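Could you walk me through this structure in plain words, one spot at a time? I'd like to know what touches what.

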Number of protein chains: 2
Amino acid sequence: MTEHTVRSYDTDLVELRQRIAEMGGLAEKMLSEAMQALLKRDLILAQTAIVADRRLDLLQREVEDKAVLTITKRQPVASDLREIVAAMRLASDIERIGDLAKNIAKRVVAMNGEYPPLKVVFGAVNLSTLVLAQLKDVLDAYAQRSVELSLEVWKRDDEVDALYTSLFRELLTYMMEDPRNITFCTHLLFCAKNIERIGDHATNIAETAYYLVTGEALPGERPKIDTTAISPLHAAADS
Amino acid sequence: MTEHTVRSYDTDLVELRQRIAEMGGLAEKMLSEAMQALLKRDLILAQTAIVADRRLDLLQREVEDKAVLTITKRQPVASDLREIVAAMRLASDIERIGDLAKNIAKRVVAMNGEYPPLKVVFGAVNLSTLVLAQLKDVLDAYAQRSVELSLEVWKRDDEVDALYTSLFRELLTYMMEDPRNITFCTHLLFCAKNIERIGDHATNIAETAYYLVTGEALPGERPKIDTTAISPLHAAADS
């Protein structure tokens, strides 16, 4: 392999990393905008988040094309192959995060005219703050190739689940208190579910970052997976 | 390329196709079992669908590994590369369908003791019947490399959306009529949403099958994407 080939090969990997970084930043921004739009009833901001999703879809396709092209051209060694496969997985998870953020923004548009009490909106915003921190940390974990930070994010998903379950119950209570609350609480239930699923994708990214450095899958599934099937209440908040 | 190489190369592609076919069949079975479990309050059947998801996850990983290995070893020509990339995309969509079916089954477990009127359960079952037909047709479209059948499934997603929206409204009405309906209606809302999203993955598969044969993406996004942002009611049913 000539020096020139080595350099252009490195360029391929750097470009993949850059696109993932751009995708991650964009997904964070979309979730943040969608939640601000919900809090401030700002339909313009909601539309901004909705439109941004197109760029994210485009970037995912670019990562996929670039990854396949790089594998075809270079016949990479194991560690580089891992890097490329990881990029494809990350792009897929981040694209899904973008979809979920977009769907929250769409609900803000759909809720136009509904005015849920700020207290319940705050519940959803708190959940999103926790998930945004997870997302930021896991993107850092990937950028820094940090096994420790990946494991931290992975373990912390329990906190997201606990907060989600508590918000879920609170929303059900509001619905039962007064039928007039049902429509906006249903919107908020779906928003909360989307935020919780963004948290799941953050743990997927943690698993990929771990695999990237160690070449191994994280040991077993997280504990919550096994308990949901036998705990009705938890399972209720889990699909 | 020797004859032996050609033969083992074909074997790689055939193996990918076989794994996709197995995944597709398994995902159909899981959705069908989850809905039967809901209808008959059959917790054993629900557990069967939940457990089956592990096999699906494993198969997806196998497809991914096999695809990357094949690209690395063979430096495939464009049409074969398309076949391999398509297999990775399909495996990702079918794995997501399995997750969604598993989550319906988990809700059946969570609903243990709740007895929603059969009428509203039938609404969800009808939606799933439509989506199962879409899923069957789109897997056939892939197996037969049929552009026509792919396009048919792709266009028919509107029917799934319309039925979902109507079920969504019906469930909201039940919730407003009597607060005792709220808990099981919330479960059914999430089940319905999951079924509708399985429909979305079926249209993704249609897009991949179309790309596989033509080498081109389907022209533009489906009409529904653009209307949801401006139609509050439709948007309500869309995230």
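Let's start with B:Leu218, which is in contact with B:Leu151, B:Trp154, B:Glu207 and B:Tyr210, once you leave aside its neighbours within four places in sequence. Here, contact means heavy atoms within 4.5 Å. You'll find B:Leu218 in the loop between α6 (182–214) and α7 (223–228) of chain B. Helices are DSSP runs of H or I with at least four residues, strands are runs of E with at least two, and both are numbered from the N terminus. B:Leu218 counts as buried because its relative accessibility is 9%. Buried means under 20% relative accessible area, exposed means over 50%, and partly exposed is in between (1.4 Å probe, protein chains only).

A quick word on the ground rules. This is a predicted model, where local features need pLDDT of at least 70 and side-chain atom pairs count only at pLDDT 80 or more, while totals for chains, interfaces and linings use all residues. Residues are numbered from 1 along each chain as its sequence is written, chains are lettered from A and ligands numbered from 1 in the order in which they are written, and side-chain values use heavy atoms, with hydrogens and water left out.

Now hop over to A:Ala192, in helix α6 of chain A. Is A:Ala192 buried or exposed? With a relative accessible area of 1%, A:Ala192 is buried. Not counting residues up to four places away in sequence, A:Ala192 touches A:Leu127, A:Tyr164 and A:Leu167.

Helix α6 (residues 182–214) of chain A packs with α5(B) at an angle of about 125°, and their axes are 10 Å apart. Axes are lines fitted to C-alpha atoms, for helices over the stretch in contact, and angles run from 0 to 180 degrees between N-to-C directions. So α6(A) is oblique to α5(B); angles under 35 degrees count as roughly parallel, over 145 as roughly antiparallel, 65 to 115 as roughly perpendicular, and the rest as oblique. On the α6(A) side the contact is made by A:Ile182, A:Thr183, A:Thr186 and A:Phe190, and on the α5(B) side by B:Tyr164, B:Phe168, B:Leu172, B:Met175 and B:Met176.

What about charged side chains? Over all chains, the whole structure has 40 salt bridges, each a side-chain nitrogen of Lys or Arg within 4 Å of a carboxyl oxygen of Asp or Glu. One of them joins A:Lys29 and A:Glu33 (3.0 Å, N to O). These two are about one helical turn apart, because they are four residues apart in helix α1 (residues 3–40) of chain A. A:Lys29 is partly exposed at 47% relative accessibility, whereas A:Glu33 is buried at 11%.

Another salt bridge pairs A:Asp99 with A:Arg96 (3.4 Å, N to O), and both of these residues are buried. In chain B, the side chains of B:Arg156 and B:Asp137 meet at 2.8 Å, N to O, in a salt bridge. B:Arg156 lies in helix α5 (residues 147–177) of chain B and B:Asp137 in helix α4 (residues 118–144) of chain B, so this pair ties together parts that are 19 residues apart in sequence.
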